[in-house]
Amino acid sequence: MIFYDLIGDIHGHAHALKALLKCLGYTRNRGVWQQPGRQVIFLGDLIDRGPQQREVLRIVRSMIDEGHALAVMGNHEFNALAYATPDPEHPGEHLRRHTVKNRHQHHAFLSQLREGSAAYKDAINWFWQLPLYLDLQGLRVIHACWHPEHINVMEQLTRGSARLTPELLIQASRSDSPVYEAVETLLKGLEMDLPEGSQYLDKDGNPRTQLRVRWWDQQALTYRQLALISDHKRHLIPNDPVAPDFLPGYDQCKPVFFGHYWMTGRPVPLNDHIACLDYSVAARHGGKLCAYRWEGEKYLKERNFIWV
Ligand SMILES: [Mn+2]
């Protein structure tokens, strides 16, 4: 059995990545980071925001090419693909529109890779190869939400490869498609509609009727308990129970690792089987780049979290 080191969202922070690889016991050999008997699994969101996105892609791709790493797609790689892909039904547009907001979110990548250059096209081509999820012998990996029904949908549509095709990327960009709902949930996380007639005001004072969900919480039963929202606002959310079939649950047959959620504080497992490894390295005031050193265990251990 191969043992894995799982690494959370990097967002172009190559210095932190190299420091973390060193901490985990990897060394550089002819430019490629490696460690006998171990592989890294990157949890997606390699790009956007940070200062060294080319270097991060170089490190990750060389490790994957030489069999020292695996990776899944994050929502930022997905968005980059859709941003770069023309919309066949709307000439002159792209599957992700080049609005001021979308361009701004993607600006660091577009300028560091030089939009339209050979390096840019090469990066985009490579993103197609990233699977949406990995279900390996002893563990599972997803960028945002392990949702068995949506994974089944994508498993069928990709004939087991878990990789997007040009046709699937089009469907994933149309909000009335089941592929859209599946990819949104797997890569951007589960959301819920608040009960009829309720809303809350977000930080800009806009009324919202949808909320991100703490899908991993096996005890939470109500909108208030499940809301992914700061604790001082939690009382604004109704405490009604959510429909019992809304949450994906987790079968606990092996641990699952994900990133995406900008955790803070000391990294710990969320429960015995579920761990988030995104500790906000890209945050303005500085977060952590976090890894989990997995040695085949079914029950996650706090001491196996490592960060820089
Ligand atoms: Mn993400």
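α3 (75-84) passes α6 in a left-handed crossing. Left-handed here means that the near helix is turned anticlockwise from the far one by less than a right angle; clockwise would be right-handed. The axes of α3 and α6 (residues 118-127) come within 9 Å and cross at roughly 120 degrees. That makes α3 oblique to α6. Angles under 35 degrees count as roughly parallel, over 145 as roughly antiparallel, 65 to 115 as roughly perpendicular, and the rest as oblique. Axes are lines fitted to C-alpha atoms, for helices over the stretch in contact, and angles run from 0 to 180 degrees between N-to-C directions.

The axes of α7 and α9 also come within 9 Å and cross at roughly 120 degrees. α7 is therefore oblique to α9. The crossing of α7 past α9 is left-handed. Helices (H or I, at least four residues) and strands (E, at least two) are DSSP runs, numbered from the N terminus.

## Basis of the model

This is a predicted model: local features need pLDDT of at least 70, side-chain atom pairs count only at pLDDT 80 or more, and totals for chains, interfaces and linings use all residues. Residues are numbered from 1 along each chain as its sequence is written, and side-chain values use heavy atoms, with hydrogens and water left out.

## Largest pocket

The largest pocket holds about 1600 Å³ of space. A pocket is an open set of points on a 1 Å grid over the protein atoms alone, where a 1.4 Å probe fits, with protein on both sides within 12 Å along at least five of seven lines; lining residues have an atom within 4 Å of a point. Volume is the space filled by probe spheres set on the points, which are joined across faces, edges and corners.

Its lining has 40 residues, and Arg49, Lys203, Arg212, His260 and Trp262 lie nearest the centre. α4 gives the most, with four residues. By class, the lining has twelve nonpolar, twelve polar and 16 charged residues. Nonpolar covers Ala, Val, Leu, Ile, Met, Phe, Trp, Tyr, Cys and Pro; charged covers Asp, Glu, Lys and Arg; the others, Gly among them, are polar. Domain 1 (3-190 + 253-307) and domain 2 (192-236) both contribute, so the largest pocket lies between them. Domain bounds come from an automatic or database domain assignment.

## Second largest pocket

The second largest pocket has a volume of about 440 Å³. Of its 19 lining residues, Glu181, Thr185, Leu190, Glu191 and Phe246 are closest to the centre. α9 gives the most to this lining, with four residues.
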